[in-house]
Amino acid sequence: MEEPKRIQVIRIGAEAIVSKLRWNGFDLISKHRVPKPYRIPELDRWIRDKRTIHEAKILVELKRAGVPAPAIILLDRSSSTIYMQYIKGIELKKALDELDPVRIEKIAGKLGEIVGKMHLRGIVHGDLTTSNVILDETEKIYLIDFGLSSVSDDVEELAVDIHLLDRSLESAHHKIRERFMKHFLLGYSKIVGRDRTLEILRKVKEIRMRGRYVKRGG
Amino acid sequence: MAEEKIVLGIESTAHTLGFGIVSTTGKILANVNYVYKPKEGGIHPREAAQHHSMHAARGVMEALRRAGISPERIDGVAFSAGPGMGPCLRVGATLARALALKLNKPLLAVNHGVAHIEIGRLVTGARDPVVLYIAGGNTLITAYLDGRYRIFGETLDIAAGNCLDAFGIEAGIGPMPNPEVKAREGRKIHPLPYRVKGMDVSFSGLLTAALKLLKKGIRIEDVCLSITETVYSMLTETLERALAFTEKKEILLVGGLARSIRLRQMIEAMAKLHDAKVYVVPPEYAGDNGAMIAWTGALQLLSGLVIRVEESVVKPKFRIDEVEVKWRNLNGSK
């Protein structure tokens, strides 16, 4: 077996380095949580290990819940690295510029169902923006980057997911925002139910009023 | 250039009753502070308020004496309108209203958190920093954006300073800096809840868990090491995210906990990774003080942010993003 080869660094975040790898003819993604020189090494190792395992568990849980997300291929605890499936496609953020209204409605509804399934399972994405949604060639939707995800069924946390998605549309796609959110919520309420959706929407409104998340994640 | 004006500022949000006299050009003429020290345990709002009432008159006279000016030279009276403890806030507000009416000068309602930031910028020379405001009652990560100090992260429960102070008091070694001093003799780190959500933090579970370790008979030095390292790591990490997010190149530490040597070390190590410069407010202006209220009052006076006596209510939950920071676009970003 050959060693995986790094072919491209995709993103250097505050916490991790995401790269694309080539391994025995397959494309993979690696997410490596880098050591932080400011933390005591013991504590640093412990935190990176805990987060890596947490993210891996979430990815497995998503598969069980039927939420399309990258499949885990390998977890290397010694280097705090997750190797996962590479999803060939484009970010929803970019796709929205080119799609016609009918297809946008369809995608929004489908995304609503996927997020609904995730929430029903008690998983909060934590950074749900149009950059973290991937469309593949067949327009199948995947959610990516669960680095800030958590397990919770607290209305506030679920509402933050919806709020962040809305925000990201508002900043980059304000013209289609309303149409998109309408169909997103139709799909969402199909899965979680009308009452729960309304409860969460009330919370979204409250968060918005607080002005608390104004410049975050948007 | 407008004529130099002089502002008297009164701070009384919690332990400290402070009087500052500062000019609109940023000269600090007086900074007189009286700190209430509870006989045991934490702060009792009514007792603190009594302490403040007792020292009020003396404080004003002492500040004027040190500044070497007569009361008529004052061009505005500023007070800390919040956030803070109601009974304490009302002492400062009442005094400020009386002085403003008596001297017939404008009244300036100052946000305590904004004042910590502004005095920090004045004395360190930081221009446009990401600010970590850490004190007994507050933990905030904030930066100036579109006319306000926006809150990027904050504690979801208790403040970082409160967590360490309460731990020290419960453990019988006293509040900060004692837990940090003891931590220097620590050898082993014990895992404690590390709760970071994006740029927000939570400390209450950590405090409970640290006290449990003590009860289990773990060496106090090791528990001190574990709790301080965990709290500071959480703060440094969230600050790093805010720095990356805002793409600013300066960090400013303000508030009582800015005195921590270890926290500063960690933040400097993190800043190096991002080519950012770290500014730390000097100890004299780190804790609550009168000068910061006077200086922020002076900035407000320059930008016309005055308040009528009838409207000058105290706001125990005053958030820093409620304040329109008009002075930051007066001349560049001074």
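Two strands count as paired if DSSP finds at least two bridges between them, and strands here are DSSP runs of E of at least two residues, helices being runs of H or I of at least four, both numbered from the N terminus. What I am showing is a predicted model, in which local features need pLDDT of at least 70 and side-chain atom pairs count only at pLDDT 80 or more. Residues are numbered from 1 along each chain as its sequence is written, and chains are lettered from A in the order in which they are written.

Let me start with the sheet. In chain B, five strands form an open sheet of mixed pairing in the order 3-2-1-4-5, whose edges are strand 3 (28–35) and strand 5 (107–111), each pairing on one side only. Strand 1 (residues 6–11) and strand 2 (residues 16–23) of chain B are antiparallel, joined over six bridges, and Gly9(B) has Gly20(B) of strand 2 as its bridge partner.

Now to the aromatic residues, where rings of Phe, Tyr and Trp (its six-membered ring) pair if their centres lie within 6.5 Å, with planes under 30 degrees apart called stacked, over 60 edge-to-face and the rest tilted. Over all chains, the search finds three such pairs. In one of them, the planes of Phe184(A) and Tyr188(A) are at 15 degrees with centres 6.0 Å apart, so this pair is stacked. Both Phe184(A) and Tyr188(A) are buried, meaning under 20% relative accessible area with a 1.4 Å probe and protein chains only. Tyr144(B) and Tyr149(B), by contrast, are edge-to-face, because their planes stand at 70 degrees with centres 5.9 Å apart.

Notes: Side-chain values use heavy atoms; hydrogens and water are left out. Buried means under 20% relative accessible area, exposed over 50%, partly exposed in between (1.4 Å probe, protein chains only).
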